[in-house]
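Have a look at the structure first.

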2 protein chains.
Amino acid sequence: VRGQTLGDLGEERLIERLRRRLGPLVPPPPAGIGDDAARISRRGSHDWVWTADLLTEGVHFRRAWTEAHWLGRKALAVNLSDVAAMGAIPRSFLLTLALPPALELAWFDDFARGLRDTALAAGVSCVGGDTTASRSGIFVGITVMGEARHGLLRRDGARPGDGLWVSGPLGASAAGLRLLRAGWRLRRGSAVAPSVGRATRGREAAALRAHLDPRPPLALGPWLARSGISRAAIDLSDGLAADLPRLCLASGVGARVDLAAVPVHPAERRGVRAALQGGEDYALLFTVSKRKEEKLRYLAARIGERPQRIGEVLPPGAGIHGVAAGGASRPLAQGAFEHFPGRGSSR
Amino acid sequence: VRGQTLGDLGEERLIERLRRRLGPLVPPPPAGIGDDAARISRRGSHDWVWTADLLTEGVHFRRAWTEAHWLGRKALAVNLSDVAAMGAIPRSFLLTLALPPALELAWFDDFARGLRDTALAAGVSCVGGDTTASRSGIFVGITVMGEARHGLLRRDGARPGDGLWVSGPLGASAAGLRLLRAGWRLRRGSAVAPSVGRATRGREAAALRAHLDPRPPLALGPWLARSGISRAAIDLSDGLAADLPRLCLASGVGARVDLAAVPVHPAERRGVRAALQGGEDYALLFTVSKRKEEKLRYLAARIGERPQRIGEVLPPGAGIHGVAAGGASRPLAQGAFEHFPGRGSSR
């Protein structure tokens, strides 16, 4: 008889299982499994956090779809995003690579160039890691360390009455992924349609770029923590419909999303519900107490950010709902990307 | 035309290339690429270090050869070894897993049990990580963080005249790997020969165990740092013939190894030269100044360690030699495991 597999279980339950198995070893949040990054230590007014991610060829990227330097940039950027979503400033990273020996050096050099560009822009140093041969595909593991001098943005910091905010439009990355699947490619900044040949289309190019070369708002998280404007945040890696429930669960609260207020990227033509499902936006979702919302509006414009208020944190037990312009309310469906979609899941 | 590949280049030159590509970002050692672990920060009398490794199915392990809980133990142990070799005490770790959805849960649970056992024994906590689907095989990435209160053991700390010491016998793990390749298996603590059927053979079982379930001397590194007995160390992951030159290169010194003094594991029947080539021993190689060697001998026995003096650090330019009992001296051949054996290598 075939035993139960990871695919039978689903991702959330797999993580829960791991948490239980490693039980006595796992300290409570925010130092434990579940936040965007884990706290290392607190000394005086300083928090140090770290986070690790693994990008897998065929799952997170395809070589035919992306240029190597975009992959280098993205691999580091998504990890920097986890640290910034905690309100910390990324300082250094470790790089582990499993690479096929037949991989061309030109690809490797281009990948390293992308890494370097993002590292320079963010002011982080590569301080070590590991390289190993892979028999099947490219694996990029990155661990980032960050420093917070003014407290952390935690998943468990949301309070009923707080406003719910996002840093920018949603849905572009998922739209870009659909374009890639349909045969579109991004070449020298232009979107190339599958059959028509070379063609520049602004909206498609923006979607492809959002997916292949995301630029998370790295300054916003540390700024929110430093200014004391926010106490809770999460980066939108799996889609708001999946990440908002995580924030609510950790904080023990409900939430209402005003669907008409959600900024939807023009490349996401299927509307706001689709945009809430789309993964890899790397926008920041954060909460702001009522009395600080005016300050946020005033100050954000001055640092070049345009966050949008999309709803409100509700008391425990209120559920997590999307409310249409007409007032119709529906539970926010969870349907974002799962690595191990469980049989028991709602999809 | 086919471009140059990673296999054409070789592992050392690949790392050097990465170091150059990420050039301005890489701080000088010991915080930079090249040590067993990287320094995060120094505050007052405290050093924090971290290290990351990626274990790849088909390269570092095979599911048919190892039980899942051994793999869990080993994955963590070899990373703890890197931190301990810096003289630091491991405190916490991040776990990234890429797993095939068809993987059986029983395997996963057994793997998690192994991780937990080693974590509990070492007093480290799992504080986060990432799980993702893999289309081809299992990848285990672990990042470990450690704390040193009394200075670090650095690769660049060896001085001419220092004694060269190893923490235990060499060659067992490589012998175990050869046995696995020849069809031997370890079942419930006993070695099983390929054709003869079940048979308990102490020497073979010890070699298989050394390879599948290594137990690095995690207490020794921090003890050497705290006691001030040593200032330079490296863990023997790629074989002494490869790791000693790394220590010498970083310190700008030569070395003499007295072949008759090298402790060879009884499972390594091919002699001392073979034992120096064998990877994955996870013994500690360290240096001790002349005036502290008596103290080491006296104190080590009291903490249950039996390190052996195997040679001496020589002045710069003296080369790295193995000296036989009769006095014949030969350069120490480098022939340990390479992930990307370059065409230009000496093998």
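What follows covers the interface, then the ring pairs.

This is a predicted model, where local features need pLDDT of at least 70, side-chain atom pairs count only at pLDDT 80 or more, and totals for chains, interfaces and linings use all residues. Residues are numbered from 1 along each chain as its sequence is written, chains are lettered from A and ligands numbered from 1 in the order written, and side-chain values use heavy atoms, with hydrogens and water left out.

**Interface of chains A and B**
- On the chain B side, 77 residues are in contact with 78 residues of chain A (heavy atoms within 4.5 Å).
- Together the two chains bury about 6500 Å², 68% of it on carbon and sulfur atoms (accessible area, 1.4 Å probe, lost on being put together and summed over both).

**Aromatic pairs**
- Over all chains, the structure holds five aromatic pairs (ring centres of Phe, Tyr or Trp, taking the six-membered ring of Trp, within 6.5 Å; planes under 30 degrees apart count as stacked, over 60 as edge-to-face and the rest as tilted).
- B:Trp107 and B:Phe111 are stacked, because their ring centres are 5.5 Å apart and their planes at 10°.
- Both B:Trp107 and B:Phe111 are buried (under 20% relative accessible area, 1.4 Å probe, protein chains only).
- B:Trp165 and B:Phe286 are stacked too, with centres 6.4 Å apart and planes at 20°.
- B:Trp165 is buried at 1% relative accessibility, and B:Phe286 is buried at 0%.

Methods
Buried < 20%, exposed > 50% of the residue type's maximum accessible area, 1.4 Å probe, protein only.
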